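Here is a short report on a protein model.

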Amino acid sequence: MADPKQVDRLKLAFRIASDAWDTAAARTLPGEVACRSGCFGCCVGLFDISLPEAALVREGVARLSARDREDVVRRARQIVEETAAAFPGDARAGLLDPERSEESDDDYFAVVADRACPMLELPSGRCRIYEERPITCRTYGFAWSKDAAVFHPPCGLNLPGAPEERQRETSIDIDGLDQAEDVAREIATELGLEPGSETTIPHAVLGSAFGPPPG
Ligand code: SF4
């Protein structure tokens, strides 16, 4: 879907999100952050991703060992098939309907709230596509803020009992990710994709809109 130069541009741009996480972590005090290798609470429950993020996910899957790829495809298929009836879009193509209602979106993501991401290696808790993971994965753990106000809380394991002011001080300012989002939009346009179209990680693996399943 994306050529190697586009993949490199996406990886470079998405580093902004990883750097934002590091910056937020640097503002915390000992004991405030529970994030550690092997903790995978944030990898349970699906979320939407842009199509350039989907292209990067597929790059990650393509470089896995045959055994890991097989496991990823099997688990993605199970999620896609078992939740197709609730998917607010074209489940076969793997595309969320850009016109979907907030209610249908909420309903679907409630249905998949207990589904582990197919990229998650168990029981190690390791992300098999760490270098190619989406922006949400790179920024999860801390609160997200916009215009100096928190609009998404931190992971429940981080900053336990912290007042909103402390959450804000250690938050990731979503406006700071604009550059990464801009590159994703540029690449969507170059690929002839609707910039606002979205999917999920398992649908990025199996959706016909993304080409044949990784073999
Ligand atoms: S892509 Fe990796 S980091 Fe993101 S939810 Fe899946 S396993 Fe977790």
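The model discussed here is a predicted one.

**Helix packing**

Take α2 (residues 51-62) and α7 first. Their axes lie 8 Å apart and the packing angle is about 85 degrees. α2 and α7 are therefore roughly perpendicular to each other. On the α2 side, the contact is made by Leu-51, Pro-52 and Glu-53. On the α7 side, Ala-184, Ile-187 and Ala-188 take part. By class, the contact of α2 with α7 has five nonpolar residues, one charged residue and no polar ones.

Helix α7 (residues 178-190) also meets helix α1 (residues 4-26). Here the axes come within 8 Å and cross at roughly 160 degrees. Angles over 145 degrees count as roughly antiparallel. α1 and α7 are therefore roughly antiparallel to each other. Their crossing is left-handed. From α1, the contact uses Gln-6, Arg-9, Leu-10, Ala-13, Phe-14, Ile-16 and Ala-17. From α7, it uses Gln-179, Ala-180, Val-183, Ala-184, Ile-187 and Glu-190. The residues of this contact divide into nine nonpolar, two polar and two charged.

The two pairs are set out below.

| Helix pair | Axes | Angle |
|---|---|---|
| α1 and α7 | within 8 Å | roughly 160 degrees |
| α2 and α7 | 8 Å apart | about 85 degrees |

**Overall form**

The secondary structure of the protein comes to eight helices and nine strands. Its radius of gyration is 17 Å, close to the 17 Å that the globule rule gives for 215 residues, so the protein is as compact as a globular protein of that length. Along its principal axes, the C-alpha trace spans about 45 × 35 × 35 Å.

**Ligand shell**

Which residues are around the ligand? They are Cys-43, Cys-117, Met-119, Leu-120, Cys-127, Ile-129, Arg-133, Cys-137 and Ile-201. Eight residues of this shell are nonpolar, one is charged and none is polar.

**Backbone details**

Two loops deserve a look. A cis peptide bond joins Leu-122 and Pro-123, with omega at about 10 degrees. Pro-123 sits in the loop between β4 (120-121) and β5 (126-127).

Ala-148 is not a glycine, yet it has a positive phi of about 65 degrees. Ala-148 lies in the loop between β6 (144-146) and β7 (149-152).

Technical notes
Residues are numbered from 1 along each chain as its sequence is written. This is a predicted model: local features need pLDDT of at least 70, side-chain atom pairs count only at pLDDT 80 or more; totals for chains, interfaces and linings use all residues. A residue is near a molecule or strand if its C-beta atom, placed from the backbone, lies within 6 Å of it. Ala, Val, Leu, Ile, Met, Phe, Trp, Tyr, Cys and Pro count as nonpolar, Asp, Glu, Lys and Arg as charged, and the others, Gly among them, as polar. Axes are lines fitted to C-alpha atoms, for helices over the stretch in contact, and angles run from 0 to 180 degrees between N-to-C directions. Helices (H or I, at least four residues) and strands (E, at least two) are DSSP runs, numbered from the N terminus. Angles under 35 degrees count as roughly parallel, over 145 as roughly antiparallel, 65 to 115 as roughly perpendicular and the rest as oblique. A crossing is left-handed if the near helix is turned anticlockwise from the far one by less than a right angle, and right-handed if clockwise. Two residues are in contact if their C-beta atoms, placed from the backbone, lie within 7 Å. The radius of gyration is taken over C-alpha atoms; the globule rule is 2.2 Å times the number of residues to the power 0.38.
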